Amino acid sequence: MEQDLKNVEGLVLRIYNIKDSSRIVDLFARDQGRISFMARGARRDKSPSLNLTQPYVEGRYNLQPGRSMYYFKDGQIQNAHLGLRRSIRRLALTEFSVEVLTSVLFTDRDPILYDFMVTFLAVVEEADDSDLARLLGAFLFKLVSFVGFRPGLSRCLECDGGIKLPLVFDLHAGGMVCDDHPARPGQRTLSMDQYKELVSYLTRSFREIREGSLEEKGDLYRTMARLCLAYFQIQTGRDRFKSLGMLQDLGLV
């Protein structure tokens, strides 16, 4: 019945093709959280749901509740994010970011995290290939902060003293420590440029980070992307990502 339709704004995370022409869509809905729906006949050439159910499409979806899941009725594309497919590096970063997101995304409503993700994808669309490693580091550092593991960068986590040289980041403790304390596994000594880079990931928007990136600092950005990835993996316990190998092959980490 018409009153049973659920109008949803969402981002397609993944699709699973089933039967001859249908697919199940894993959707991050802005106001409902993570949900799934079936789109019957979505893989047919002239299906109205063919383009609406492509990965990374942002749209509005009219869904009808069924016994075990929602069923697609109609909808409208808001942003197809076609620019994500302009290069293999953009597409690989997108695939990895969605895999990382889904590793910590459950069914709860989280419009702030939704806006964070669609903003990131929009900036990746605009970015040059030389910006992508920096955006990857910022994405991981911001996301791990969103889910409850914001690193402490302004004070020593052990004694609450001010930050001083040498600059030491503790992956397990979750932030900066001074060298007055015994060294432990998982500590990384940072240069001043590396420390400033980490601070910028938490204090600047994705667009500011992209616009401020410099091609000659590519080695710095890749180093920080590896550090942010290690921090994310240790703090969240999510450490296996199928799409990571592609990023490594492409030199983004």
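A salt bridge here is a side-chain nitrogen of Lys or Arg within 4 Å of a carboxyl oxygen of Asp or Glu. By that rule, the side chains of Asp 170 and Arg 184 meet in a salt bridge, 2.8 Å from N to O. The structure is a predicted model: local features need pLDDT of at least 70, side-chain atom pairs count only at pLDDT 80 or more, and totals for chains, interfaces and linings use all residues. Residues are numbered from 1 along each chain as its sequence is written, and side-chain values use heavy atoms, with hydrogens and water left out.

**Overall build**

- The chain has seven helices and eight strands. These are DSSP runs, numbered from the N terminus: helices are H or I with at least four residues, strands are E with at least two.
- The C-alpha trace spans about 70 × 35 × 30 Å along its principal axes.
- Of the 253 residues in the chain, 51% are buried. Buried means under 20% relative accessible area, exposed means over 50%, and partly exposed lies in between (1.4 Å probe, protein chains only).
- Contact means heavy atoms within 4.5 Å. Among contacts with a separation of 6 or more, 60% come from residues 24 or more positions apart.

**Salt bridges**

- The whole structure holds 16 salt bridges.
- The Asp 170–Arg 184 bridge has a N to O distance of 2.8 Å. This pair links distant parts of the chain: Asp 170 is in strand E6 (residues 167-170), and Arg 184 is in the loop between strand E7 (175-177) and strand E8 (187-190), 14 residues apart.
- Asp 170 counts as buried because its relative accessibility is 1%. Arg 184, at 39%, counts as partly exposed.
- Asp 26 forms a salt bridge with Arg 34, and their closest N and O atoms are 2.7 Å apart. Asp 26 has 6% relative accessibility, so Asp 26 counts as buried. Arg 34 has 21%, so Arg 34 counts as partly exposed.
- Asp 219 and Arg 222 also form a salt bridge, at 2.6 Å from N to O. Both lie in helix H6, three residues apart, about one turn of the helix.
- An α-helix has 3.6 residues a turn, so residues three or four places apart point the same way.
- Asp 219 counts as exposed at 56% relative accessibility. Arg 222 is partly exposed, with a relative accessible area of 27%.
- Salt bridges that share partners join Arg 30, Asp 31, Arg 109 and Asp 115 into one network.

- Glu 58 is in strand E4 (residues 58-65).
- Glu 58 is buried yet has no salt bridge. The nearest side chain of opposite charge, Arg 30, is 7.7 Å away.
- Leaving aside neighbours within four places in sequence, Glu 58 contacts Glu 9, Gly 10, Leu 11, Ile 77, Gln 78, Asn 79, His 81, Tyr 114 and Val 118.

**Aromatic rings**

- Rings of Phe, Tyr and Trp (its six-membered ring) pair if their centres lie within 6.5 Å; planes under 30 degrees apart count as stacked, over 60 as edge-to-face and the rest as tilted.
- The count by this rule is 15 aromatic pairs.
- Phe 96 and Phe 241 form an edge-to-face pair, 5.6 Å centre to centre with 80° between the planes. The pair links distant parts of the chain: Phe 96 is in helix H1 (residues 88-104), and Phe 241 is in the loop between helix H6 (218-236) and helix H7 (244-249), 145 residues apart. Both residues are buried.
- Ring pairs link Phe 116, Phe 120, Phe 139, Phe 146 and Phe 206 into a cluster.
- The charged end of Lys 142 sits over the ring of Phe 206, 5.5 Å from its centre. The test is NZ of Lys or CZ of Arg within 6 Å of the ring centre and within 35 degrees of the ring normal.

- H1 has 17 residues and reaches 25 Å from its first C-alpha to its last, close to the expected 24 Å. The expected span is 1.5 Å times one less than the number of residues.
- In H1, 14 of the 17 residues are buried.
- Helix H3 (residues 132-146) has 15 residues and reaches 21 Å between its first and last C-alpha, close to the 21 Å expected. In H3, 14 of the 15 residues are buried.
- Gly 148 follows H3, and its phi is positive, near 110°.

Methods:
Lys, Arg positive; Asp, Glu negative; His and termini not counted.
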